[in-house]
Structure formats: C-alpha cells, structure tokens
Amino acid sequence: MKKLTVFAAFLTMAITYAQDTMVQSTIQGMLTYNQGQVISLAEAFSEEQYDWRPAEGIRSVGESLLHIAGANYYLASKLGFAPPEDVDMMNIEKIKGKENVLAALKKSNEFILEKMTMVENDKLNEEVDFGFGKFSRLSGLLIVLEHNGEHKGQLIAYARSNNVTPPWSK
C-alpha cells in the first residue's frame, strides 16, 4: 500500500507540473519543430553560400543564422536568463565558417528551449521591456517563436535564390 501511495503522489506531482507548464511546453514544441527546419536548411547551404546576400546591406545566409542565435540569447535575457558566460553577444554575428555558425545556432537553440519552460506560470502576465516594446512574458515566448519563423521564411527565399531545396520539400 505504501508503494501505491508514493506512486500516486508522484503521478499527481507529475501531472500538476505538466499542467503548470503546458503553455510553455506547447510553445517549446513548436519552436523545436521550427528550429529543426532552420537547422536542416542551414545544413543544406554550401560553405560558400553562407556569404551570399541578396543585395548590399542585407544580411548574408550566415549572418541571418547568427542573428537568430543572438536573438535567442537576447530574448532569453529579457525573460531573466543571462546568456552562458562563453557567449560573446557583442560579436556573435561575426562568427565565420559554416561549422562555427551551425554550432553557435544549435547552442542558442538548446539554451532558449531549456529556458522556455523555466518561465513560471504566475509570471506569464508580467510586463517586460524587450527594448523594442513592452510585452508580457508569455508574449516574449511567442516572440521567440515568431522571430525564428520569420527568419526561416527569409532563409527559404535565400535557399530558393541559390537553387537550394529545403530538405523537407524534397
């Protein structure tokens, strides 16, 4: 009977925790899917194509990927989670080379995914100044998702301009 009571208590705690972070976990799941597509697309570009840009003054493929990485850290910092000490926010968009860019993007993806579920339910409505506007923490989580999606679309256009087929379209 004691084992059954302990199991029931554990199950209740697990269900309660899952419900407490349902919004955060749902957004995290969508972001995971989106990030997977961005990574597969980034891997489909050649090393040389990372320097391609549609016009002077517009971010290149590599710079766009690093912009996503930097924004993941920036938005997380506004939600109360400082970037890892080994991340140089002032120079993140200066990283060169396909391997290094991919590593930086993957690291930022893991970081933001981990932090999303750490935003507490009772703080989702708190207002945060993101520097470009004041929004709730919940809106901040959605901004992360939207920002990644916006740049996925940009990178799809870049890919099509370079005869790169998004891997999920093959």
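# A tour by selection

Glutamate 93 counts as partly exposed, at 31% relative accessibility. Select this residue to begin. The model on screen is predicted.

**Stop 1: glutamate 93 and its partner.** Glutamate 93 and arginine 59 form a salt bridge, and their closest N and O atoms are 3.4 Å apart. Glutamate 93 is in the loop between α3 (61-78) and α4, while arginine 59 is in the loop between α2 and α3, so this pair ties together parts that are 34 residues apart in sequence. Is arginine 59 buried, partly exposed or exposed? Arginine 59 counts as partly exposed, with a relative accessibility of 31%. As a general point, side chains of opposite charge can pair when their charged atoms come close.

**Stop 2: the whole chain.** Followed from the N terminus, the elements come in the order α-α-α-α-β-β-α. Of the 170 residues in the protein chain, 39% are buried. Now consider contacts in the protein chain with a separation of 6 or more: 73% of them are between residues 24 or more positions apart.

Stop 3: How many salt bridges does a search of the whole structure find? The search finds six. Select lysine 106 and glutamate 43, which form one of these salt bridges, with the closest N and O atoms 3.3 Å apart. Lysine 106 belongs to helix α4 (residues 98-116) and glutamate 43 to helix α2 (residues 22-44), so the pair links distant parts of the chain, 63 residues apart. Both ends are partly exposed: lysine 106 has 35% relative accessibility, and glutamate 43 has a relative accessible area of 40%.

Next, select lysine 107 and aspartate 86. Their side chains meet in a salt bridge, at 2.5 Å from N to O. Lysine 107 sits in helix α4 and aspartate 86 in the loop between α3 and α4, so the pair ties together parts 21 residues apart in sequence. Which category does each residue fall into, partly exposed or exposed? Lysine 107, at 32% relative accessibility, counts as partly exposed. Aspartate 86, at 58%, counts as exposed, because the cut-off for exposed is over 50%.

**Stop 4: helix α2.** Select residues 22-44, which make up α2. The 23 residues of α2 should span 33 Å at 1.5 Å a residue, and the end C-alpha atoms are 33 Å apart, which agrees. Buried residues in α2 include Ile27, Leu31, Asn34, Gln35, Val38 and Ile39. When viewing them, recall that an α-helix has 3.6 residues a turn, so residues three or four places apart point the same way.

**Stop 5: helix α3.** Select residues 61-78, which make up α3. From its first C-alpha to its last, α3 reaches 26 Å, close to the 26 Å expected for its 18 residues at 1.5 Å a residue. Is α3 largely enclosed or largely open? Of its 18 residues, 14 are buried, so α3 is largely enclosed by the rest of the structure. Glycine 80 follows α3 and has a positive phi, near 105°.

**Stop 6: α3 against α4.** Residues making the contact include Leu65, Ile68, Ala69 and Tyr73 of α3, and Val101, Leu105, Ser108 and Ile112 of α4. Lysine 107, from Stop 3, is also among the α4 residues in this contact.

**Stop 7: α3 against α5.** Helices α3 and α5 pack at an angle of about 180°, and their axes are 10 Å apart. Because angles over 145 degrees count as roughly antiparallel, α3 and α5 are described that way. Among the contact residues are Val61, His67, Ile68, Ala71 and Leu75 of α3, and Ile143, His147, His151 and Leu155 of α5.

**Stop 8: histidine 147.** Finish on one residue. Is histidine 147 buried or exposed? Histidine 147 is buried: its relative accessible area is 12%, and buried means under 20%. Which residues does histidine 147 contact, leaving aside neighbours within four places in sequence? The contacts are His67, Ile68 and Ala71.

Terms used
Residues numbered from 1 in each chain as written. Predicted model: local features only at pLDDT ≥ 70, side-chain atom pairs only at ≥ 80, totals over all residues. Heavy atoms only, no water. Buried < 20%, exposed > 50% of the residue type's maximum accessible area, 1.4 Å probe, protein only. Contact = heavy atoms within 4.5 Å. Salt bridge = Lys/Arg side-chain N within 4 Å of Asp/Glu carboxyl O. Helix = DSSP H or I, 4+ residues; strand = E, 2+ residues; numbered from the N terminus. Expected span 1.5 Å × (residues − 1). Axes fitted to C-alpha atoms, helices over the stretch in contact; angles between N-to-C directions. Parallel < 35°, antiparallel > 145°, perpendicular 65-115°, else oblique.
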